[in-house]
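Work through the two exercises below with the structure at hand. Each task is followed by a solution in steps.

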Amino acid sequence: MATEQQKQGGAGGAKRKPVFTKVDQLKPGTSGHTLTAKVLTSETVLHKGRAGAAAVHLHPTTIAECLIGDETGTILFTARNEQVDLMKPGTTVTLRNAKIDMFKGSMRVAVDKWGRIEITGPANFTVKEDNNLSLIEYELVNVADE
């Protein structure tokens with residue numbers, strides 16, 4: 001007799017095939033997204049370097065906001081440190097285990113230490129630039145239980 005797990009074709013600890021998400025499907029507070037997107041722009045917004053002997057043990061921090069998109073829309077990606085070098089305009093990337101962060105009421109995509117950025121071949125889609133999800137402002141609403 002086959003066990004329930006064998007019927008479903010899954011073995012314990014086996015990798016799942018990633019389900020690719022489109023930009024227009026991203027929602028606030030969600031994570032675990034895999035998406036392929038083209039980098040449109042990259043702008044460094046924070047660069048903290050080393051200053052003086054006291055700061056030798058501190059790592060320099062660089063943060064860039066990159067506008068990325070696919071055929072469904074665009075969204076801002078927050079690139080940190082070595083990620084900034086990967087996110088060059090014109091590059092096509094696959095973001096694995098990406099999450100949605102909220103910044104001043106709007107969505108940003110980020111990849112933390114649990115995720116990965118992979119540079120892939122040129123995209124075979126045209127980016128829909130008139131649907132920027134980072135321009136939508138969300139408001140935190142508390143729902144009271146009755």
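**Exercise 1.** In which segment is the place of S134? Describe the surroundings of this residue.

*Solution.* This is a predicted model, in which local features need pLDDT of at least 70, side-chain atom pairs count only at pLDDT 80 or more, and totals for chains, interfaces and linings use all residues. Residues are numbered from 1 along each chain as its sequence is written, and side-chain values use heavy atoms, with hydrogens and water left out.

Step 1. S134 lies in the segment after β6 (116-120); strands are DSSP runs of E with at least two residues, numbered from the N terminus.

Step 2. The relative accessible area of S134 is 8%, so the residue is buried (under 20%, 1.4 Å probe, protein chains only).

Step 3. Leaving aside neighbours within four places in sequence, S134 is in contact (heavy atoms within 4.5 Å) with T74, I75, L76, S106, M107 and R108.

Step 4. The S134 side chain reaches the backbone nitrogen of L76 at 2.8 Å and the backbone oxygen of M107 at 2.7 Å.

**Exercise 2.** Which strands does β4 pair with, given that pairing needs at least two DSSP bridges?

*Solution.* Step 1. Strand β1 (residues 31-48) and β4 (residues 92-103) run antiparallel and are joined by six bridges; L35 has L95 as its bridge partner in β4.

Step 2. Five bridges link β4 to β6, also antiparallel, and R96 is partnered by R116 in β6.

Step 3. β4 is joined to β5 (residues 106-110) by five bridges, again antiparallel, with D101 opposite R108.

Step 4. Two residues separate β4 and β5 in a hairpin, and K104 in the turn has a positive phi of about 50 degrees.

How values were computed: Helices (H or I, at least four residues) and strands (E, at least two) are DSSP runs, numbered from the N terminus. Buried means under 20% relative accessible area, exposed over 50%, partly exposed in between (1.4 Å probe, protein chains only). A polar contact is a pair of N or O atoms within 3.5 Å; within protein, one must be able to donate a hydrogen and the other to accept it, and residues adjacent in sequence count only if both atoms are side-chain atoms. Two strands pair if DSSP finds at least two bridges between them.
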